[in-house]
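Open the model in your viewer and keep the selection tool ready.

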Amino acid sequence: MTDGTNSSEILQPIPVERRSFERRSLTSQEQISATKDWVRTQREKVENGILTQDEYDELIARSMVAREKLTERANEKRRKDPMTGRLNKGAYFEEIDKLIYAGTPFGMMIVDIDHFKVVNDTYGHATGDSVLIQTTQNLNLHLRQARPDTAQNDQIFRYGGEEFVVLLPGMHSEEDLEKVSEKIRIAVSASPYSVNKDSRNIHIPVTVSIGGGIYRQERQPELRDAEGKIIDPKIVFFDKVDTKGLYQAKEGGRNKTVIVSP
């Protein structure tokens with residue numbers, strides 16, 4: 001027995017109207033307005049006896065601290081290289097400006113992994129990533145990383161693909177800088193890196209070339225570009241360590257340290 005209705009019509013799903021929403025970022029004024037609304041809501045809870053004044057004060061304090069923590073994390077993430085976990089090139093410029101502003105000498109090393117492109121081309125980028133991370137760990141082992149005054153800690157920056165810059169606050173002498181650089185160079189080259197690839201361990205010889213120098217505030221030359229504008233001293237210093245230090249180490253056969261003259 002039928003009621004004359006087509007069964008196929010009965011089985012057809014009824015379309016559900018779905019609301020669309022707009023993905024957009026709030027303006028600063030909109031965020032302020034929404035936050036004011038939230039504060040007003042909490043204050044009305046106090047007026048209505050839902051919250052005590054002490055509970056209200058704690059909510060506001062927690063909200064302020066949480067926002068500060070989120071901002072700190074966002075800033076720290078912005079300054080970090082996601083692969084190695086070290087500071088990035090942008091953070092380098094911020095930190096070297098702080099050292100120059102402090103007015104005390106500091107050391108710089110530019111550390112470059114030799115023949116890194118060959119590693120990537122031969123074994124793949126995943127293996128290259130492991131070489132980068134292991135090199136970072138070798139840097140860590142021979143630098144001052146746990147001083148009570150954190151401003152005096154040595155800092156490692158991933159400056160380029162296979163290039164790291166190290167800033168050493170308070171380093172005064174080229175001899176001391178060479179000792180640290182040599183410890184790092186020898187630690188890297190002492191034994192091949194072990195890397196797991198396709199469920200087997202492979203061993204890759206790795207070496208680094210290092211250029212270094214000491215930045216002394218009173219000795220930086222004043223150089224000008226073609227238009228007569230003064231070139232930033234930190235750029236002059238970096239170029240000196242790069243061209244007269246690292247470049248010479250590379251040209252001299254790699255796996256070398258060259259510290260530039262004062």
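How many aromatic pairs does the count come to? The count is nine, where rings of Phe, Tyr and Trp (its six-membered ring) pair if their centres lie within 6.5 Å; planes under 30 degrees apart count as stacked, over 60 as edge-to-face and the rest as tilted. This is a predicted model, in which local features need pLDDT of at least 70 and side-chain atom pairs count only at pLDDT 80 or more, while totals for chains, interfaces and linings use all residues. Residues are numbered from 1 along each chain as its sequence is written, and side-chain values use heavy atoms, leaving out hydrogens and water.

Select Tyr-159 and Phe-238. Their rings are stacked, 4.9 Å centre to centre with 25 degrees between the planes. Tyr-159 sits in the loop between β3 (155-158) and β4 (163-169), and Phe-238 in helix α8 (residues 233-251), 79 residues apart; helices (H or I, at least four residues) and strands (E, at least two) are DSSP runs, numbered from the N terminus. Both Tyr-159 and Phe-238 are buried (under 20% relative accessible area; exposed is over 50%, partly exposed in between, with a 1.4 Å probe and protein chains only).

Last, select Thr-127 in helix α6 (residues 125-141). Thr-127 has 3% relative accessibility and so counts as buried. Its side chain reaches the backbone oxygen of Tyr-123 at 3.4 Å. Leaving aside residues up to four places away in sequence, Thr-127 touches Val-119, Val-195, Lys-197, Ile-202 and Ile-204 (contact means heavy atoms within 4.5 Å).

How values were computed
A polar contact is a pair of N or O atoms within 3.5 Å; within protein, one must be able to donate a hydrogen and the other to accept it, and residues adjacent in sequence count only if both atoms are side-chain atoms.
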